[in-house]
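Q: I would like to learn how to read features in a protein structure. Could we work through an example together?

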Amino acid sequence: MLGTLTFYRRVLRDNVFSIPSFRDAALPSAKAEVPSKPQLPAFGHGIAGILAGWTVSFIAAPVEHVKARLQIQYAVDKSKRLYSGPIDCCTKILRSHGFHGLYHGLAATLLFRTFFFFWWGSYEIFTRLLSSRTSLSAPAVNFWAGGLSAQVFWITSYPSDVVKQRIMTDPLGGTLGDGDRRFFRWKDAAKEIWRTDGVRGYWRGFLPCFMRAFPANAVALLAFESVMRALPE
């Protein structure tokens, strides 16, 4: 994820926001003084986040799909479970529904990861604010910006993640023998959540996710940025 993010940041910086018209629109101060090195604005970081999220979705979606189905197997007797493990789950889904079945929930995953715009856009904003208005060291800035931006991401994206999980755990039907499919479109799952649980349904489980977001991502971003600083440009 972070590798593709860095790639798109550089592509946008060198090929889009280095164009005077884009640079002047995104960075008004650049009109008066053109920087020696093109600067990617927070908006550009957000766009890079979306592109990175979409790219990774084509790898993450089937993995998350299989994981979601395994997580809802509650039978204590393992012989009564439909899937014995991730490989068995993949095999049975492919046999019954092909790659289309394995990628069930891809559209919901793409929508969810579109909210990476808020994660990486806010990460850049927090980084600039903390760098310019505090005396924190670079690693400390990375830590706090990483944690705070992750919380911004989950505040904006959590309802879409709930809908995504509902879609990924919905029976596929057919010869798989896991039941009858209920949600044929994203809005079908969203409406069902609203009908059964109201607004609270979209935020079920939010608190532990929100509490975990800060430390997990703060440490991850600190490590990533430290490695990037150590590498030659």
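Predicted model: local features only at pLDDT ≥ 70, side-chain atom pairs only at ≥ 80, totals over all residues.

Q: What does Glu 225 touch, leaving out residues up to four places away in sequence?

A: On that count, Glu 225 is in contact with Arg 9, Tyr 123 and Asn 142. Glu 225 itself is placed in helix 9.

Q: Where does helix 9 have a kink?

A: The kink is at Ala 213 and amounts to about 30°. The proline Pro 215 follows shortly after Ala 213.

Q: Which residues of helix 9 are buried, and against what do they pack?

A: Among the buried residues of helix 9 are Phe 206, Cys 209, Ala 213, Phe 214 and Phe 224, and Glu 225 is on that list too. The buried residues of this helix pack against helix 1 (2–15), helix 6 (116–133) and helix 7 (138–168).

Q: Which residues does Thr 6 touch, again leaving out residues up to four places away in sequence?

A: Thr 6 lies in helix 1. By that count Thr 6 touches Phe 224 and Met 228. With a relative accessible area of 12%, Thr 6 is buried.

Q: How many salt bridges are there by this rule?

A: The count comes to 11. One of the pairs is Arg 13 with Asp 14, where the closest N and O atoms are 2.9 Å apart. Asp 14 counts as partly exposed, at 40% relative accessibility.

Q: What is the N to O distance in the salt bridge between Arg 113 and Glu 64?

A: The distance is 2.7 Å. This pair links distant parts of the chain, with Arg 113 in helix 5 (residues 106–114) and Glu 64 in helix 3 (residues 42–71), 49 residues apart. Relative accessibility is 9% for Arg 113, which counts as buried. Glu 64 counts as buried as well, at 16%. Both belong to a network of salt bridges that also includes Asp 161 and Lys 164.

Q: Where do Asp 170 and Arg 182 lie?

A: Their side chains meet in a salt bridge of 3.4 Å, N to O. Asp 170 and Arg 182 are each in the loop between helix 7 and helix 8 (186–197), so the pair ties together parts 12 residues apart in sequence. Asp 170 is buried, with a relative accessible area of 0%, whereas Arg 182 counts as partly exposed at 48%.

Q: How many disulfides does the structure hold?

A: A disulfide is a covalent bond between the sulfur atoms of two cysteines. The structure holds 0 disulfides. Cys 89 is in none, and the nearest cysteine sulfur, that of Cys 90, is 5.8 Å away. The cut-off for a disulfide is 2.5 Å between the sulfur atoms.

Q: Is Cys 89 buried or exposed?

A: Cys 89 is buried, with a relative accessible area of 0%. Cys 209 is buried too, at 13%.

Methods:
Residues numbered from 1 in each chain as written. Heavy atoms only, no water. Bend = angle between axes of the 7 residues up to and from the residue. Helix = DSSP H or I, 4+ residues; strand = E, 2+ residues; numbered from the N terminus. Buried < 20%, exposed > 50% of the residue type's maximum accessible area, 1.4 Å probe, protein only. Contact = heavy atoms within 4.5 Å. Salt bridge = Lys/Arg side-chain N within 4 Å of Asp/Glu carboxyl O.
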